[in-house]
Amino acid sequence: MPRYYFDLHHEEGPTRDEHGTELKSREDIPKELTRILLDVARDELPAGDRMTIAITVRDESGDPVTVASLIFNNEWLDVLR
């Protein structure tokens, strides 16, 4: 099975995946991306009103395969009046 590396980029800076994850095929990458993005969002979103979380996926050669991001933006409407 091919191994893919999921490098995280968020408010705390970049985190390089040194271990990787074995997936049956590249078609399984979106499901793994979704799982990681939601886990990070669940842990970190309450910290502020704006946040972008991105993940770059690399293949076994270290070449980028895809990038996915989640953007959270909260605007307090009563402050805008």
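My entries below go from strand to core to proline.

**Strand E1.** I noted at the start that this is a predicted model. I looked up how covered E1 is: six of its eight residues are buried. Next I checked its partners. E1 pairs with strand E2 (residues 13-15) in the antiparallel sense, over three bridges. A hairpin of two residues joins E1 to E2. E1 also runs antiparallel to E4, with five bridges between them. With strand E3 (residues 21-22), E1 pairs antiparallel over two bridges.

I then followed single residues. His9 has Pro14 as its bridge partner in E2. In E4, the partner of His9 is Ala54. Arg3 stands opposite Glu22 in E3.

**The core.** Which residues touch the most other members of the largest nonpolar core? I found Tyr4, Phe6, Ile29, Leu33, Ile53, Ile55 and Val57, out of 16 residues in that core. Strand E1 (3-10), helix H1 (29-44) and strand E4 (50-58) each give two or more residues to this core. H1 gives the most, with six.

Leaving out residues up to four places away in sequence, its contacts include Leu23, Ile29, Leu33, Ile36, Ile55 and Val57.

**Pro64.** I located Pro64 in strand E5 (residues 64-73). Is Pro64 buried or exposed? Its relative accessible area is 64%, and exposed means over 50%, so Pro64 is exposed. Beyond four places in sequence, Pro64 touches Thr56, Val57 and Arg58. I also checked Arg50: it is 14 residues from Pro64 in sequence and 26 Å away in space, C-alpha to C-alpha.

How values were computed. Residues numbered from 1 in each chain as written. Predicted model: local features only at pLDDT ≥ 70, side-chain atom pairs only at ≥ 80, totals over all residues. Heavy atoms only, no water. Core = buried A, V, L, I, M, F, W, Y, C linked by side-chain atoms within 4.5 Å. Buried < 20%, exposed > 50% of the residue type's maximum accessible area, 1.4 Å probe, protein only. Helix = DSSP H or I, 4+ residues; strand = E, 2+ residues; numbered from the N terminus. Contact = heavy atoms within 4.5 Å. Pairing = 2+ DSSP bridges.
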